[in-house]
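Have the structure open while reading.

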Amino acid sequence: MSEARIKHVQCSSRAGLHRIAYKEWGDPANPRVLVCVHGVTRVADDFDALARDLSDTYRVVCPDVAGRGRSDHLRDPQLYAVPQYVADMVTLIARVTAESEDSRVDWFGTSMGGLIGMVLASLPETPIAKLVLNDIGPVLDEAAMRRIADYIGQDLRFPDFDAGARFVREVSSSFGPHTDDEWRKLAHDVLRQAPNGEWVRHYDLALAEPFKAVTAARAEMGQAALWRAFDAIRCPTLLVRGELSDLLSHATAQEMTTRGPRPRLVEFPGVGHAPTFVHADQIALARAFLLG
């Protein structure tokens, strides 16, 4: 099955109930599940190429994390944080494995999706059997975090799709070389047309609120917590880094290979944050690790 189905699952927070949308590829009865989770301002559609390739073996489940894409916005913006995302993913995994005797899944996480997977994989009785961390680790570069915080809170509006696509291509140049068609796809995934005809980014601008509340002390505590989580991971893990990444340093990636699950590290030359896994060589790496 080469086409995706759009489904929803209801999740909860202290602010009430919300629905998470997800794309499901492959045989809906296949008990072998791969969950793919995107970066902070991206969406499930980022994984279309990877999911299509792996849907011969997996049922591939790609959620829009709360506040993005087809999923509901959260009533309390301070809930846009990893603990809520982990809770939502536990609910999603329970939903997609409900008919299976084995509730384990494999996990592919890009940037924020990798942080969610890292925390979930660290928990006792985790459902994650294999883990791919795409350009993310327990140490987040401060300058890169400021860049992301400034970017996500801007209420940008474009008169037409082409103007929006040019913007997405410019701010996403760190993804590395892509064809014009690939750039249009990457832009189309994260833009939507508003009722007045303008094109806007497909996420809740309130995602920026938790970033604004981060202090140096809170950031230090968060980093320590992420290292504890990483050190607790025991499943086979692949760590991918863009050679030019400003979010995951080479030094941090090397340290990660000596701690916790001691992942294999692969760096893609000429790419920053983060490899998109739309190209054949990147997809082949994921396939070899997940199915090896």
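Rings of Phe, Tyr and Trp, the last by its six-membered ring, pair if their centres lie within 6.5 Å. Planes under 30 degrees apart count as stacked, over 60 as edge-to-face and the rest as tilted. The model is predicted. By the pairing rule, the count is eight aromatic pairs.

**Phe-161 and Trp-199**
- These two rings form an edge-to-face pair, with 5.3 Å centre to centre and 70° between the planes.
- Phe-161 belongs to helix H5 (residues 161-171) and Trp-199 to strand S9 (residues 199-201), so the pair ties together parts that are 38 residues apart in sequence.
- Phe-161 is buried, at a relative accessible area of 13%.
- Trp-199 also counts as buried, with 16% relative accessibility.

**Trp-227 and Phe-230**
- The ring centres of Trp-227 and Phe-230 are 5.9 Å apart and the planes are at 80°, so this pair is edge-to-face.
- Trp-227 and Phe-230 are three residues apart in helix H8 (residues 216-232), so about one helical turn separates them.
- Trp-227 and Phe-230 are both buried.

**A phenylalanine cluster**
- Phe-47, Phe-108, Phe-268 and Phe-277 are linked into a cluster by ring pairs.

**Charges over rings**
- The charged end of Arg-259 sits over the ring of Trp-227, at 4.0 Å from the ring centre.
- Trp-227 thus has Arg-259 over its ring and pairs edge-to-face with Phe-230.
- Arg-201 lies over the face of Tyr-151, 4.5 Å from the centre of that ring.

Note on methods: Residues are numbered from 1 along each chain as its sequence is written. This is a predicted model: local features need pLDDT of at least 70, side-chain atom pairs count only at pLDDT 80 or more; totals for chains, interfaces and linings use all residues. Side-chain values use heavy atoms; hydrogens and water are left out. Helices (H or I, at least four residues) and strands (E, at least two) are DSSP runs, numbered from the N terminus. Buried means under 20% relative accessible area, exposed over 50%, partly exposed in between (1.4 Å probe, protein chains only). A charge sits over a ring if NZ of Lys or CZ of Arg is within 6 Å of the ring centre and within 35 degrees of the ring normal.
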